[in-house]
Amino acid sequence: MSTIVKPAPARSGAAPAPARRARTRLVGGRKEAAVGWVMLLPAAVLILTFLLVPIGLTFGLAFTNARLVSPEPARFVGMDNFVALFTDDTFWASLRNTIVFTVVIVPFQSGLALVLALLVNTRTRGTTFFRTVFFLPVVTSIVVVSMLWLFMYQKDGLINVLLSKVGIQGPDWLGDPHWALLAIILMSAWQAMGFHMIIWLAGLQTVPAELYEAAALDGATRWQQFAHVTWPGLRATRTFILITITIAAFGLFTQVQVMTQGGPLNSTTTLVFQAVRSGFQQQQTGYASAISLVFFVLVLVVTLIQRFLTRDKEARR
Amino acid sequence: MKKTTSRAIVAAAVFAATAALTLTGCAKGGGGGAGTSDGQLVMWTHNAGNKAELAAIQSIVSDFNASQKKYTVKVQAFPQDSYNQSVTAAAASKKLPCILDIDGPNVPNWAWAGYLAPLTGMDSTLAKFLPSTVGKYDGKTYSYGFYDVALAMMSRKSTLEAAGVRIPTIDQPWTKAEFQDALDKLKASGTFAYPADFSTGLTGEWWPYAYSPFLQSAGGDLIDRDGYKTADGVLNGPDAVEWAKWFRGLVANGDISAKSGADPVADFVNGKTGILYDGGWAAEQVRAQFKDDALFLPSVDLGKGPKIGGASWQWGVSKTCGDQAGALAYMKFAAADKYIAKVAKATGTIPTTEAAAAMVPGYQPGGDNAIFREFSKKFAEVRPVTPGYPFIATTFTKAAQDIINGADPKSTLDQAVKDIDANQKSNNYFQ
C-alpha cells in the first residue's frame, strides 16, 4: 500500500523556524501562558467536581456495602462486592453482550457511515439535503428513537410487515433471545451513523484533489483510487472514529432500558444497564460501584490497546 | 522554575474554586426549617401530568390554607417515573419536603431509612380506612391513602355467553381449570388476536403488583412473612413452581402475549382480546365502550382463593420536617371523608372509607363500581411489609419476565430466592 509522500523541503526547514518563534514568545510569553491557564480554570473546576471527584468516590464505594437508602453508614467490606459480581450469571451475560455489541457495531456502523460519506462527498445539488437527512437521527433523542423502534419491532409492526411483503417471515424481534441484541444493534447503528458520516466527510475533504487527478491520469480505477489514495489519507480519521465508537458502544444503556429492560433471558443486558439497575432500583450503591469500576477498567484497557495498535509508527523515527 | 510556580498557583486556584462550589451545595436553601420554604410547608407529589388527581390535591390544600391562618402548604408536583429517585436524592442531601406521598409498598423502606415520621393522634380516624391503605411498619403508622385500586378480569357478557363460558362471581370465581377452558373456547372462536391480555407490556412496579397475587393465589409468596428473613420454600416451593408453569403455559399456548401492546385497554376496547386483566382505572374506558355489556370479574382462583394487589399511593410526613405540628395538622384535615371522596372521584379509584364511598357515584352499595370495593375488601393482599421490598420487587420482576420468556422455572426461582435472602441478610434483616 503506497503512502502519501510528504514534500521533503518542509521538514528540513521546520527545525530553525520554531526556535526563533519560541525566543520571541518568551518576552510576552508568561502573560499568554497565564491567560491560557485562566481560560482553562472553569473547565478544570467542572471536570474536577463532576468527573474526577465522583469517579474517585465510586472507586471508594466499590469496596463498601453502601446502600442508596439506609439509616446506617456504609461499611468497608473489601472484595465482597467483586466476589459476588464474578459469581453472578447476569454479570457474565452483561459482559458478553457488551463485547458482542461493540465488536459487531464498530465495523458495521463505521463502514456504513463511510459509504454514506462517500456518497454525499460530491458537489452536486442536493448533497446538503442528504447530509441533513442522514444526520437527523443523531439529533433526535435516543429515548424517542428507542420508543419508535419499539413499535416498529413489534411482531406485527412495520418491520415485519415490510419483510412479509418480500416473503420473509420476520421473527419476534424483541421477544426472541436470539434476535433481540441484533435488533438493538441495527437500531443503534441507524441512529448514530449520521454523526460518524460527518466525521468521515471531514476526513475525506482533507485528501488533496490533486492526488485523485494524478491517480486518474495514471489510469487508476475508482476502486484503486479508493484503496490507494482515499483509505491511506483517512488514517487519522479512522483512528478517531474507531476509538470513539468503541467507547460509546461500551456505554450502551438507553436503548436497553427503554426497549427490553435487559431483554428476554439476559440477552440484552449490558454493564451500564446492570449498574443502573442495581444502583437505583435495587438500591445497592456499593455493588453498582463495583460494576462501574470493572467497566472503567475494561474501557481503559481496550482504549489503550487500540491506541497502541493505531499509533503513528512514523512519528517514532 | 517560573512555570512550576504559576502552575502551582493555578492548581491551588482550581482546588479553591472546587471547594467553594462544593460548600455552596452544603448550604441550606431558603429561610425556615427543613422541608419548609419561607414559612410554607412544602408538599411533594408524584402527580405531575396527572391533571385530575393533582387538581383534587390542590383543592384540598387550598381548603386547608383557607381554613386557618397558622400554616400554608405549597404543592410541588413531580413526574411519577422519577419521583422515587427525586425523594431519595433529596433525603441524601437532607432536603426532604414536609409532606410527601409514597407508593404503598415503599413505606416500610422509607420508614426504616428514617425519611418518615409516624402519624400520631390519628388512630381512630384511620381505623375506618381500608386496611391496605394504611401504611404500618414496626407497630407504628406512617402513612394513609385516599384510595385503593383493585385488579379485575374484564370481559363482555356477549363474548362469554357466545363462547359458552360461565360468568364467575365473587363467591364462585373461576378455578384454574375453568379459566383454561374459557381461554380455549375463546381461542377456538377465532374472533380475537389473543383470548386474554394480562398487560404484560407494562413496566415497573406493575409486575409485582399484578402478578405476585397469582403467585399468592397458587400458595406461594414473595417472602416468608413470618420474620421476613428468607424466601426459601415460598418463592421456590412446589406451589411457586406450579404458578411459574401456569404463567409460562399461558404464553406457550398462545393464550396471552408475552409482551402486550403499550395500551392493553385500548386493544381490549377495540376487540383485539377477549379478557383483559387490568386495574380498576380502566373501568371508565371499558364501560364507555361496552356500556351494559361490560363485565368486571374476580381474578382466577389458583388454589388458595383469588388474590389481588393492594395499597396504592399514600401520604406521609417527613422526619426532617421543621414544622411537624403543621404537617400533622394538614394530615388530619385531609383525612376527612369529603376529601377522600373528592380524590377517589377524580382518579376513578376506590374510596377508602364507607362514608366516602357513599359520596362517590358508582361506589354506593349496589353501584356500578361497588364491585371493585368488594374485590379490594375480600381479595387484596398487600405486598411484603419489609424495607427490603424494592429489592424483592425488582428481583421478582426479572424472575417473572425470564419465566414468561421460557427460562426453567425452578432454577430461575432458586436464583431469585438466593438474591433476596442475600439482600435481607446483608442488611441484617433490617433490625
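In chain B, 74% of the contacts with a separation of 6 or more are between residues 24 or more positions apart; two residues are in contact if their C-beta atoms, placed from the backbone, lie within 7 Å. This is a predicted model, in which local features need pLDDT of at least 70 and side-chain atom pairs count only at pLDDT 80 or more, while totals for chains, interfaces and linings use all residues. Residues are numbered from 1 along each chain as its sequence is written, and chains are lettered from A and ligands numbered from 1 in the order in which they are written.

Of the 431 residues in chain B, 51% are buried, meaning that 20 or more other C-beta atoms lie within 10 Å of the residue's own, again with C-beta atoms placed from the backbone. A compact globule with 431 residues would have a radius of gyration near 22 Å, and the 25 Å of chain B agrees with that. The radius is taken over C-alpha atoms, and the globule rule is 2.2 Å times the number of residues to the power 0.38. Along the principal axes, the C-alpha atoms of chain B fill a box of roughly 90 × 60 × 40 Å.

## A four-stranded open sheet

Chain B has 17 helices and 16 strands; these are DSSP runs numbered from the N terminus, with helices being H or I of at least four residues and strands being E of at least two. Four of the strands form an open sheet in the order β10-β11-β9-β12 (chain B), with mixed pairing. Because β10 (194-197) and β12 (294-297) of chain B stand at the edges with a single partner strand each, one side of each has no neighbour in the sheet.

β10(B) pairs in the parallel sense with β11 (residues 273-279) of chain B over three bridges, where pairing requires that DSSP finds at least two bridges between the strands. In this pair, B:Y194 stands opposite B:T273 of β11(B).

## The covered strand β14

How many of the residues of strand β14 (residues 313-318) of chain B are buried? Six of its six are, and the strand is mostly covered.

Strand β4 (residues 99-103) of chain B runs antiparallel to β14(B), joined by five bridges, and B:I99 stands opposite B:V317. Strand β5 (residues 116-117) of chain B also pairs with β14(B) in the antiparallel sense, over two bridges; here B:L116 has B:S318 as its bridge partner.

## Helix α17

Helix α17 (residues 409-426) of chain B has 18 residues and reaches 26 Å from first C-alpha to last, close to the 26 Å expected at 1.5 Å a residue. That expected span is 1.5 Å times one less than the number of residues.

The buried residues of α17(B) include B:L413, B:A416, B:V417 and B:I420. An α-helix has 3.6 residues a turn, so residues three or four places apart point the same way. The cover over the buried residues of α17(B) includes α9 (238-252) and α16 of chain B. After α17(B) comes B:N428, with a positive phi near 55 degrees.

Let's turn to the partner chain. Chain A has 14 helices and zero strands, and 28% of its 317 residues count as buried.

The contact between the chains takes 26 residues from chain B and 24 residues from chain A. On the side of chain B that touches chain A, the elements giving two or more residues are α1 (2-26), α3 (83-92), α4 (107-112) and α16 (389-404) of chain B. α1(B) gives the most, with nine residues.

Note on methods: A residue is buried if 20 or more other C-beta atoms lie within 10 Å of its own, exposed if 12 or fewer, and partly exposed in between; C-beta atoms are placed from the backbone.
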